[in-house]
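Hi,

Here is the structure I said I would pass on. Have a look at it first; my notes follow below.

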Amino acid sequence: MTESVQRAVEAALAAGASDAEAFATEAGEREVRVHGGEVESLTAATQRGIGLRAWIGNRVGFAFGTDLGEAGIAALAGRAAEAARAGDEDEHAGPPTPAGEVPELGGLRDASIDTWSAAQVAEIALTVEREALAFDGRVAGVEQAVYADAAERVSIATSTGIAGGYESSSCYAYTQALAKGEDGTETGLGFDLARGPATLDPAAVGREAAERAVAMIGAGKPESRVCPVVLDPTVAASFVGLIGGGLGADSIQRGRSPFAGRLGEQVGSGALSLDDDGTVADGPASAPFDGEGVARARTPLIAAGTLSSYLYDTYTARRGGARSTGSAGREGYRGLPRVSTSNLVIAPGDLGLDGLLAEAGDGVFVTDVAGLHSGVNPVTGVFSVGASGRAIRAGELAEPVREFTIASDLVSMLGAVRAAGADSRWVPFGGSVSTPPLPIGEMTVAGA
Amino acid sequence: MSDPLIDAAVAERVIARALESGGDFAEVYAERRQGLGMSIDESRVESVQSGAEEGAGVRVVEAGTTYFAHVDGLDPADLERAAAEAASALRGERSEPRALEAVATEPQPIERPPSEVPAERKADLLRELDGRARGEGGEVAQVLASYAEAHREIAVANSEGLFTGDDRTRTRIGVQAVARRGDTVETGAETLGAARGFELLEDDPGAIAAEAAAKALALLDAKPAPAGSMPVVVGGGFGGVLFHEMTGHGLEADHIQKGASVYVGKLGEQVARPLLSAYDDGRMPGEWGSDAIDDEGTPTQKTLVLEEGRLASYLYDRLRAERDGVASTGNGRRESFRHLPIPRMTNTYIAPGEATPEAIIAEVERGFYAASFGGGQVDPATGDFVFGVSEGYLIEAGRVTQPCRGATLIGNCLDALAAIDAVGDDFEMKTGICGKGGQRAPVGTGQGHVRVSAMTVGGTEV
């Protein structure tokens, strides 16, 4: 692929581009879905392709394709140049340029990806299901238990002298357990992620799903009120992801973020510190460089409540008179690079969950949210989303509750964070997020 | 098919290869995709992107287990590689496929293939949308509009002798307007899409830009939404996502067969009032969710799912239909050759009723009017759903009054479905992108105004 990206850059220049950048991925993937003790499907796949950006002066166009033969690359270059001609001039448009050393990150690729057979990884999914069923007699089944992994090689080249590549691997397992109560079925999600199957804990995935589903049996609606809310890490991660999105310089520069114009201001409580760290050792999104070949880095975003930086790619850095923070994200070779978070990390605090619940006193512990894609206004930060979880009474978990909404806005919520919990975990929602439980002073709960 | 993506002889060889170590069923799905997208933001045309991909997926089904492999590329060698990979876990005796027999289909007719329209014309269209939205008033601070076209050619061949294909073109524009007054910022969005070519955009496409801007402007006067249970009137068109989430997903046979749907065992039962009938119809001419065949080669059809309140049918792909001993309803869809088919909706709608929208609202003393949604989500197993309201108002003394921001509707499928007590005689279809199992699919949703007698509105005003 190193050769293909170089050829694509040359082809773009031959097609009339003044500058070009080619980004290629080559991946091997597999997935196992099991249900009822049987393998439901087993998928094996290879994927490879190139995404090519061509600049003609201050105009840029993008094309992607899977045909890496000579004619295919020439056609790709032609389409990228044609796309550039269709767009408008933008004085800040331009290719990324080499800037400093990219970090050496060890261990991005786990050897067990290659050595574990299809039968072995199928056993992971089967174990997940088995453990969920064994956890409690009320677990009637799972919707499915899934194991998936991918090993990928990324290559990039630009006409400005960037050239690089790296290999990485990832895998995950999850299941949705179904628990039967008198009034119907409850569901619970369990998941784990790692760089290779050897370090996944399938038994824990099954138990987590079962525990969550069983805990919801008999849930009713909580009464509508304003009260303390504790977000468990899976829910906190979704909100942290939304906040990370609002700190991207593209939404800031275009005035579509509640954090626009607030650099240096207090935007959250002193208990809250948030980094974007594309180099952290166990971060699922860690990589030596971003989608433009710029070194990944650690960027403090919110330090003890104060907004300290936005996230930049090459374009937004030029436009904002800043340096790229290595925050150009891509959805493989098919997508244009866009400002995005890498690993978002909330700094953990001192209190375990029991301590957080005791401080909340009376309120709601939210373990699941739904409707984030339609219930949040990213421009204003106003949100109202569906939720379920447990009531908190006298500082302890009480009856399960469901069919209610929690509503607030992102900035008010950040200001109302009472503390950060002590126990963080990586969550693949909202991007890649490491967060402990977060207690929020108050939020509107709408239920019965 | 005019020019099949793969030769019958090659397809036969690939299917035979896939069955070399056994299997009850094998299929090759070949696809060529081309697309173009662009957007306008800050009155500047940008993000012009063009994609071209081709590849194939081969699956072998043996005793309830599906073995699937996909590759980029359509060379016979690529296809055989996929077949060998799919068969690699099987250890049985060779099975014999039937000889292929070509079945002709009638793709949705396209008058102006978008690929034949110059890119400059599309950029001009975006400028027109930008201008129309900004023309709605000085408080329109930003306009973000997008254009997308996609062309997919597919071919399906299987071991039961089916050899068919489809040629699909979809075109869609969307506009998001941001209105600003002092510190108050509101957004409004509207889309227009169809399984049609550029002819879709010949008849005043700018109207959606004006509508998006008008929504954002109306919300500048909005107050926080109420919180609590009350009657809710849902608007026509994209309001149909109500039925899509509340009922459609729960009728997909994969959820049913796993016991992960509140509609399990309810076929033939009265689950709604007799005023409610609903369909899934993949054959509606030119609609966003329409195709000639599904992604397993089964012709699409009009399926009555709710007949005067009685649950009439589930939605099936081939695999789940076989398991239930019924025929596929033509709902086996896949995002691309990289995905396995699963039961999916096409165009799902509540059939028009007899009440006028005005009368439906006039009967509400105090309630909420969800004129349009941003989207929705359901857990079919529990039946819990949620909808984000993009345009909402209070209803007071039978009249639509105060606009509200930040409302979400929440409830449980069976309760809410049974609580629908009025269906409007107005009717409109809208476009949506539905996500399920990591796959996105274009779906149509539709209805007239519909009233739910009680539903929880999740705002902030307790």
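Leaving out residues up to four places away in sequence, A287(A) touches Y166(A), S168(A), G278(A) and R296(A). Bear in mind that this is a predicted model. A287(A) sits in the loop between strand 8 (274–277) and strand 9 (298–303) of chain A. Is A287(A) buried or exposed? A287(A) is buried, because 21 other C-beta atoms lie within 10 Å and the cut-off is 20 or more. E167(A) is 120 residues away from A287(A) in sequence, yet their C-alpha atoms are 8.9 Å apart in space.

**Domains of chain A**

Chain A splits into domain 1 (2–215) and domain 2 (219–448). Their C-alpha centres lie 23 Å apart. The contact involves 32 residues of domain 1 of chain A and 28 residues of domain 2 of chain A. On the domain 1 side, these elements of chain A each supply at least two residues: strand 1 (19–35), strand 2, strand 3, strand 4 (139–158), strand 5 (163–181), strand 6 (184–194) and helix 5 (202–215). Strand 5 of chain A gives the most to that side, with five residues. By type, the domain 1 side has 18 nonpolar, 10 polar and four charged residues.

**Domains of chain B**

Chain B has domain 1 (8–219) and domain 2 (223–458). The centres of these two domains, over C-alpha atoms, are separated by 23 Å. Domain 1 of chain B puts 35 residues into the contact, and domain 2 of chain B puts in 21. Several elements of chain B give two or more residues to the domain 1 side, among them strand 1 (25–41), strand 2 (44–62), strand 3 (65–72) and helix 4 (207–219). Strand 6 of chain B gives the most, with six residues. The domain 1 side divides into 14 nonpolar, 10 polar and 11 charged residues.

**Where the chains meet**

How many residues of chain A are in contact with chain B? The count is 64 residues of chain A, against 68 residues of chain B. Strand 2 (residues 38–56) of chain A makes the largest share of the chain A side, with 12 residues. F64(A) stands opposite G51(B), a residue in strand 2 of chain B.

**Core and a buried leucine**

In soluble globular proteins, nonpolar side chains tend to be buried together. Here the largest nonpolar core holds 279 residues. Those that touch the most other members are A8(A), A12(A), A22(A), L52(A) and A80(A). Setting aside neighbours within four places in sequence, L52(A) contacts residues including A8(A), A12(A), A22(A), F62(A), L76(A) and A80(A).

In chain B, look at L251(B), in helix 5 (residues 241–251). L251(B) counts as buried because it has 29 C-beta neighbours inside 10 Å. Beyond four places in sequence, its contacts are Y263(B), V305(B), Y314(B) and L315(B). F68(B) lies 183 residues from L251(B) along the chain, with 25 Å between their C-alpha atoms.

Best wishes

Technical notes. Residues are numbered from 1 along each chain as its sequence is written. Chains are lettered from A and ligands numbered from 1 in the order in which they are written. This is a predicted model: local features need pLDDT of at least 70, side-chain atom pairs count only at pLDDT 80 or more; totals for chains, interfaces and linings use all residues. Domain bounds come from an automatic or database domain assignment. Two residues are in contact if their C-beta atoms, placed from the backbone, lie within 7 Å. Helices (H or I, at least four residues) and strands (E, at least two) are DSSP runs, numbered from the N terminus. Ala, Val, Leu, Ile, Met, Phe, Trp, Tyr, Cys and Pro count as nonpolar, Asp, Glu, Lys and Arg as charged, and the others, Gly among them, as polar. Two strands pair if DSSP finds at least two bridges between them. A residue is buried if 20 or more other C-beta atoms lie within 10 Å of its own, exposed if 12 or fewer, and partly exposed in between; C-beta atoms are placed from the backbone. A nonpolar core is a set of buried Ala, Val, Leu, Ile, Met, Phe, Trp, Tyr and Cys residues joined through C-beta atoms within 7 Å.
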